[in-house]
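Please look through the sequence and the model below before reading on. The paragraphs after them are meant to be read with the structure in view.

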Number of protein chains: 2
Amino acid sequence: MKKNVLIIGAGGVAQVVAHKCAQNNDVLGDIHIASRTLSKCDAIIETVHEKNAMKVAGVLTAHQVDAMDTPAVAALIRETGVQIVINVGSAFVNMTVLDACIETGVAYIDTAIHEEQDKICETPPWYANYEWKKRGLCAEKGITAILGAGFDPGVVNAFARFAIDEFMDEVTSIDIVDINAGSHGKYFATNFDPEINFREFTGTVYSWQNGAWQENAMFEVGHDWDLPVVGTQRAYMSGHDEVHSLSANYPQADVRFWMGFGEHYINVFTVLQNLGLLSEQPVKLADGGEVVPLKVVKACLPDPSSLAPDYTGKTCIGDVVKGIKDGAPVEVFVYNVADHKEAYLEVGSQGISYTAGVPPVAAAMLVATGEWDAKTMKNVEEMDPKPFFSILDQIGLPTRVKDANGDRAWNA
Amino acid sequence: MKKNVLIIGAGGVAQVVAHKCAQNNDVLGDIHIASRTLSKCDAIIETVHEKNAMKVAGVLTAHQVDAMDTPAVAALIRETGVQIVINVGSAFVNMTVLDACIETGVAYIDTAIHEEQDKICETPPWYANYEWKKRGLCAEKGITAILGAGFDPGVVNAFARFAIDEFMDEVTSIDIVDINAGSHGKYFATNFDPEINFREFTGTVYSWQNGAWQENAMFEVGHDWDLPVVGTQRAYMSGHDEVHSLSANYPQADVRFWMGFGEHYINVFTVLQNLGLLSEQPVKLADGGEVVPLKVVKACLPDPSSLAPDYTGKTCIGDVVKGIKDGAPVEVFVYNVADHKEAYLEVGSQGISYTAGVPPVAAAMLVATGEWDAKTMKNVEEMDPKPFFSILDQIGLPTRVKDANGDRAWNA
């Protein structure tokens with residue numbers, strides 16, 4: 001049993017994590033929020049109090065910390081007495097925060113692979129580039145580290161595990177489909193930090209097919225998916241963290257990730273990309289100064305957190321899993337539908353932040369109760385999905401299954 | 001009779017001006033080129049020598065000058081003994097260079113209206129905002145100042161004057177149509193400085209119709225024009241300098257300017273514009289720094305002068321002038337067709353720079369011979385167009401006329 005949580009980060013996802021931790025502080029204990037900018041932590045705490053989200057009276061405190069500074073994070077862990085760290089800071093801080101958890105002997109949970117600021121879209125194997133190098137050390141020291149425990153990666157990894165375990169003898173393919181059918185009403189906006197968002201689409205698209213990494217260009221491979229609630233939606237094959245861990249765990253299956261994009265998004269993206277405005281390499285201005293174009297695009301785009309109040313519509317994220325059962329082909333879609341407006345009313349965030357922020361809190365609750373306290377490094381598909389789904393059902397992200405037998409709750 | 005020329009500026013248009021002055025230095029005398037960056041002047045001089053462009057042996061010298069500094073420009077005029085200044089520097093330096101000419105008593109020629117760096121797309125009357133305020137002083141001191149003597153404004157003003165004088169008793173409309181049917185082979189590029197180029201299209205579109213200024217949005221009013229050589233081309237009503245001077249001289253006529261744009265250009269422009277990336281107002285970056293988005297876009301786009309070697313195709317720029325002759329309606333199209341490749345082979349520049357740079361040299365030659373030495377401030381339509389066309393015929397931009405009687409040279 002572990003308790004007391006330190007949330008690293010103070011963006012849109014961190015706000016959801018803070019609200020959900022507060023709503024479940026009877027299980028999780030003290031809640032601490034730390035980021036480089038203290039005022040952003042304070043602002044989140046204010047929204048938690050506005051919503052009266054604390055289930056029981058308890059600690060909810062803001063801290064300033066540079067998450068790139070392992071000794072500073074370790075000192076904060078010791079000072080606050082937390083036993084679980086939920087890292088929803090920038091993708092650049094995973095390794096420094098993980099190191100602090102290993103050093104102090106506390107559990108670590110994150111939602112996306114580590115990235116280095118000066119490298120974009122590194123070639124797979126992604127987890128093996130950074131996180132998995134610490135797996136032996138975690139096992140040796142009994143450190144629980146749950147990697148990629150957001151929605152995708154995260155819940156979709158559990159969807160795959162569940163579909164395979166429940167419905168088939170053998171898996172042949174896993175297609176993760178991420179559709180945001182919501183509307184923010186702006187000319188153009190990214191749903192999370194543009195610097196991270198665009199990085200997902202500026203490089204080669206890697207998928208795992210026929211037992212090997214395959215390469216495509218972004219927007220090269222499109223497919224229309226007919227989905228519950230959101231209807232038929234076009235999505236494009238993209239690279240994504242979970243393709244790596246799932247293909248490592250199910251190497252016999254094709255593993256692909258599909259992200260939904262409208263024509264307008266693709267057009268704006270293509271213009272910016274072709275002009276070089278998504279580059280993270282500095283360009284020289286006429287006056288001799290230097291600036292990174294992507295940072296200027298980011299400054300011109302709406303702040304993703306500003307989208308929440310006017311966001312309407314739904315997301316549908318799920319796994320189309322195909323395999324063989326008793327010698328015959330079988331196909332199942334395991335999925336969740338979330339609503340932007342409901343997310344905003346509950347925690348003051350849009351649906352994209354909501355789907356990303358709720359699952360790591362579910363994971364933290366499972367670590368707290370001991371069910372997921374693995375005492376080594378794990379990806380989500382390596383953990384039992386059922387208790388995860390049970391908590392997600394309770395805290396806002398119910399899992400459903402659609403197959404030849406109908407569309408129903410996962411445990412119906 | 002005046003002689004010896006100082007060229008202000010060292011961009012793509014200045015290169016054409018330098019070549020054409022060199023090719024006609026028997027008329028124009030010494031040639032001096034000055035800009036803020038001496039090396040750019042030296043580079044132009046090198047291309048003049050490479051092409052063996054000097055008609056007779058003579059002076060061709062580079063100078064460093066800050067054209068915003070009137071005393072410095074005046075000192076350079078005195079030091080070099082020039083009697084004609086061709087200003088093809090940035091649109092921001094018109095008034096400081098004009099002041100230097102007035103102070104030293106030499107002739108001034110430019111190709112575009114003055115702009116202030118911090119004001120974009122000012123409301124008409126444009127020339128009256130700056131240049132025309134000096135008209136009285138020019139008349140009093142006998143200073144020849146020929147305003148807007150590029151192609152558009154410039155040659156198109158002479159086209160209008162010619163059409164009206166030759167073919168009609170009364171003018172009812174002047175539609176200036178500027179089509180670049182060439183291809184530079186890049187994903188996207190502007191044909192001249194993006195900072196100036198985009199400024200033309202980011203504000204309200206002003207036209208003169210029904211005896212008053214009318215306002216439209218950019219790309220709101222489109223028209224397909226059926227033109228010689230380049231065929232049917234779509235153009236959009238835009239604001240442009242000559243709409244002001246022509247409407248002041250022919251207030252009874254509708255005066256409109258039409259710029260040709262392809263779908264792709266409009267799409268890229270619209271994306272950049274809607275994202276705020278064409279703004280000249282600084283934005284704050286996440287790291288606290290400030291930068292002007294338009295300057296970053298400029299840094300990412302190809303240098304307009306780099307387009308020349310691969311530019312192919314033709315431009316067609318002309319005036320559709322309608323009026324009444326002997327009580328019946330009459331319509332005439334006065335125009336020029338220029339070729340990108342030919343321009344590059346002759347002077348090392350693309351066709352857009354060529355059409356902009358040749359006319360002020362023709363104007364300078366007319367000032368030198370005395371035919372256009374007006375000893376006051378004039379817009380081009382206030383001067384006799386025929387000697388202008390005669391020189392343009394000789395130096396690379398022949399004028400043609402198309403009407404009910406056929407398609408022919410203006411003097412056929």
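This is a predicted model: local features need pLDDT of at least 70, side-chain atom pairs count only at pLDDT 80 or more; totals for chains, interfaces and linings use all residues.

Residues are numbered from 1 along each chain as its sequence is written, chains are lettered from A and ligands numbered from 1 in the order in which they are written, and side-chain values use heavy atoms, with hydrogens and water left out.

A pair of aromatic rings is described by the distance of the centres and the angle of the planes. Rings of Phe, Tyr and Trp (its six-membered ring) pair if their centres lie within 6.5 Å, and planes under 30 degrees apart count as stacked, over 60 as edge-to-face and the rest as tilted. Over all chains, the structure holds 44 aromatic pairs. Because A:Phe219 lies in the loop between β9 (212-216) and β10 (222-227) of chain A and A:Phe269 in helix α11 (residues 263-275) of chain A, the pair ties together parts that are 50 residues apart in sequence; helices (H or I, at least four residues) and strands (E, at least two) are DSSP runs, numbered from the N terminus.

A:Phe219 and A:Phe269 are both buried, where buried means under 20% relative accessible area, exposed over 50% and partly exposed in between (1.4 Å probe, protein chains only). Another pair, A:Phe261 and A:Tyr265, is tilted, at 5.0 Å centre to centre and 45° between the planes, and both of these residues are buried. Ring pairs link A:Phe188, A:Phe198, A:Phe219, A:Tyr236, A:Phe261, A:Tyr265 and A:Phe269 into a cluster.

How are the two chains arranged? Chain A can be laid on chain B with an RMSD of 0.0 Å by a turn of 180° and a shift of 0.0 Å along the axis, with copies superposed by least squares on the C-alpha atoms of residues with pLDDT of at least 70 in both. The two copies are therefore related as by a two-fold rotation axis. The contact (heavy atoms within 4.5 Å) takes 24 residues from chain A and 24 residues from chain B.
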